[in-house]
Amino acid sequence: QVQFVESGGGLVQPGGSLRLSCTASGFPFSRYDMNWYRQAPGKERELVAGITRASSTNYADSVKGRFTISRANAKNTVYLQMNNLKLEDTAKYYCNCPQFGSWGQGTQVTVSS
C-alpha cells in the first residue's frame with residue numbers, strides 16, 4: 001500500500017523558513033520521481049517542486065530561488081526547504097509520486113505576521 005506522511009509545517013512570519021519532510025512507503029522509493037504540491041483555500045492544487053530519481057529538480061516560477069527540494073533515498077524521504085516565505089505561500093502542502101494516485105494528509109504552512 002502506497003503511503004505518504006508529510007510533516008514539518010507550522011506558523012511562520014514572512015521572511016522565515018520551514019523544512020517539510022515526506023516519508024513514503026509501499027514502493028521502491030529510489031526508483032521514482034517525487035513532487036511537492038500545495039493547495040490554498042479556494043484554489044486548485046498546484047505543483048511546487050519536483051525531483052527525479054536522478055535528483056534533477058524543477059520548480060514553479062513562484063518559488064524559484066526560495067524553495068529547494070531534495071531526497072534521501074536511504075530514508076524514503078523527500079524534503080522541501082522553504083526560505084524567505086511569503087504570505088502567498090500559505091497552503092496545505094502534499095507530496096506525491098506521479099505514478100501513484102495516493103495522497104497523504106498534508107502539512108499546513110501558514111505565513112502570517
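R66 has a relative accessible area of 8%, so this residue is buried; buried means under 20% relative accessible area, exposed over 50%, and partly exposed in between, with a 1.4 Å probe and protein chains only. The model is predicted: local features need pLDDT of at least 70, side-chain atom pairs count only at pLDDT 80 or more, and totals for chains, interfaces and linings use all residues. Residues are numbered from 1 along each chain as its sequence is written, and side-chain values use heavy atoms, with hydrogens and water left out.

R66 forms a salt bridge with D89, and their closest N and O atoms are 2.7 Å apart. A salt bridge here is a side-chain nitrogen of Lys or Arg within 4 Å of a carboxyl oxygen of Asp or Glu. The two residues lie 23 residues apart and link distant parts of the chain: R66 is in the loop between β6 (57-59) and β7 (67-72), and D89 is in the loop between β8 and β9. Strands (E, at least two residues) and helices (H or I, at least four) are DSSP runs, numbered from the N terminus.

D89 is buried too, at 0% relative accessibility. D89 also forms a salt bridge with R38, with 2.9 Å between the closest N and O atoms. This pair again links distant parts of the chain, 51 residues apart, since R38 belongs to strand β4 (residues 34-39) and D89 to the loop between β8 (77-82) and β9 (91-96).

R38 counts as buried at 5% relative accessibility. The side chain of R38 also meets that of E46 in a salt bridge of 2.6 Å, N to O. E46 has a relative accessible area of 33%, so E46 is partly exposed.
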